[in-house]
Amino acid sequence: MNILISGGCGQVGSHVVELLLERGDKVLAIDNLATGRREHLAEHPNLTVVIDTIADKGLIDKLVSEFKPDVIVHTAASYKDPNDWYNDTLTNCVGGSNLIHAAKTFGVKRFIYFQTALCYGVKPLQQPIRLDHPKFPANSSYAITKTANEDFLEISGLDFVTFRLANVVGPRNVSGPLPIFFQRLKDGKKCFVTNARRDFVYVMDLAHNVVKACDGVGSGAYHFSSGTDVPIKELYDAVVEAMGISPYPEAEMKLIGEDDAPSILLDPSRTFKDFGKIEFTPLKETVKAAINYYKLHGTLGEYTHLKIEEQNK
Ligand SMILES: NC(=O)c1ccc[n+]([C@@H]2O[C@H](COP(=O)([O-])OP(=O)(O)OC[C@H]3O[C@@H](n4cnc5c(N)ncnc54)[C@H](O)[C@@H]3O)[C@@H](O)[C@H]2O)c1
């Protein structure tokens, strides 16, 4: 198959690219390196990497019409500055609609998207959150623009899968608490841990299911979630353990802020029904893989789209 991946140098995108190349697919990756790194993708005869933006409509039309992908996997997203509404809109709305439009125009058979669980707002009406929970992305520019992109996809008439994600982590993860904890601990700084709970899933567990989606499994929205959440403190402890720090550095506990959700637990039952049973990698193993990556490559920017996490920066 020919597969075009936006955000191919990012955490999710680069792992999916590797799996597709391993089994003989041809891949065209486009990335503007806003949060990704070119070195995440090794040279390969079946891989073309374009360093540019999906916000360029002429470029996207040219790439899609010439490469003729069977599937578009759209992982590119802008989120690194909560106040940068311009770039969030440009990438997540304009760029996303460029890809959807090109898919329709040039007969792409399938489109895979990645939505944030923040589309349900920070005060969800139920736990775990069901797929029919109303969308209420009024908490951040990232959530608003990512939701607009998913809404465009839903009205496009394309055959699509949208994976709604809470926290996907592992090697090459540059956003959220994991790289922030690593960097602060490495610099000998105190970490702040909120009383929030999260469901952390390993990026490779997601990547394997993205490949299944490329092959035709699934239709519509899915929660990619293990169905159980843990206190963020458990992630912190796993980072301390993986870094081998002793004596144990106490973290300062803080109450979560107005723009953060106490828990984001997504109901994965439809995913298990259509994609089959998923053996989720244990958190400690996931964190160890991420820490090994940071030790070699650094954390890049420790970005967060939530203002509360900025306290840790
Ligand atoms: N990781 C998570 O926990 C999580 C949670 C919810 C949703 N998501 C979604 O999953 C997808 C993948 O996330 P990730 O963790 O791999 O993030 P990431 O930052 O590692 O990857 C995103 C990639 O998109 C690229 N990019 C940004 N703007 C671009 C543009 N205009 N043109 C081309 N490339 C551009 C970045 O450089 C980066 O390589 C995103 O759509 C994100 O919104 C992720």
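Visitor: How do α5 and α9 lie to each other?
Guide: α5 and α9 are oblique to each other, because their packing angle is about 55°. Angles under 35 degrees count as roughly parallel, over 145 as roughly antiparallel, 65 to 115 as roughly perpendicular, and the rest as oblique. The structure is a predicted model, in which local features need pLDDT of at least 70 and side-chain atom pairs count only at pLDDT 80 or more, while totals for chains, interfaces and linings use all residues. Residues are numbered from 1 along each chain as its sequence is written.

Visitor: Which residues are in those two helices, and how far apart are the axes?
Guide: Helix α5 covers residues 177–186 and helix α9 covers residues 283–297, with their axes 11 Å apart. Axes are lines fitted to C-alpha atoms, for helices over the stretch in contact, and angles run from 0 to 180 degrees between N-to-C directions. Helices (H or I, at least four residues) and strands (E, at least two) are DSSP runs, numbered from the N terminus.

Visitor: What residues of α5 meet α9?
Guide: L178, P179 and F182 of α5 meet V287, A290, I291 and Y294 of α9; contact means that C-beta atoms, placed from the backbone, lie within 7 Å. This contact of α5 with α9 has 7 nonpolar residues, no polar and no charged ones. Ala, Val, Leu, Ile, Met, Phe, Trp, Tyr, Cys and Pro count as nonpolar, Asp, Glu, Lys and Arg as charged, and the others, Gly among them, as polar.

Visitor: Is the crossing of α5 and α9 left-handed or right-handed?
Guide: The crossing is right-handed. That term applies if the near helix is turned clockwise from the far one by less than a right angle, and left-handed applies if anticlockwise.

Visitor: Next, α1 and α6. At what angle do their axes cross?
Guide: The axes of α1 (residues 11–22) and α6 (residues 203–214) cross at roughly 55° and come within 9 Å. α1 and α6 are therefore oblique to each other, and their crossing is right-handed.

Visitor: Which residues meet there?
Guide: From α1, Q11, V12, H15, V16, L19 and L20 meet V203, M204, L206, A207, H208, V210 and V211 from α6. The residues of this contact of α1 with α6 divide into 10 nonpolar, 3 polar and no charged.

Visitor: And how do α2 and α3 pack?
Guide: Helix α2 (residues 57–67) packs with α3 at an angle of about 35°, and their axes are 9 Å apart. K57, I60, D61 and V64 of α2 make the contact with N98, L99, A102 and A103 of α3. By class, the contact of α2 with α3 has 5 nonpolar, 1 polar and 2 charged residues.

Visitor: Changing topic: which residues come nearest to the ligand?
Guide: G7, G10, G36, A77 and F114 come nearest, out of 30 residues around the ligand. A residue is near a molecule or strand if its C-beta atom, placed from the backbone, lies within 6 Å of it.

Visitor: What gives the most to that shell?
Guide: α1 gives the most, with 3 residues. At least two residues of the shell come from each of α1, β2 (26–31), α3 (85–105), β5 (110–116) and β7 (167–169). The shell holds 13 nonpolar, 15 polar and 2 charged residues.

Visitor: How is the chain divided into domains?
Guide: Domain 1 takes in 2–169 + 201–224, and domain 2 takes in 177–198 + 228–264 + 281–312; the bounds come from an automatic or database domain assignment. The centres of the two domains, taken over C-alpha atoms, are separated by 25 Å. Domain 1 has 17 residues in contact with 16 residues of domain 2.

Visitor: Is the peptide bond from Q127 to P128 cis or trans?
Guide: The bond from Q127 to P128 is cis, with omega near -5°. P128 is in the loop between β5 and α4 (141–154). The bond from S246 to P247 is also cis, with omega near 0°, and P247 is in the loop between α7 (232–243) and β13 (252–254).

Definitions and conventions: Contact = placed C-beta atoms within 7 Å.
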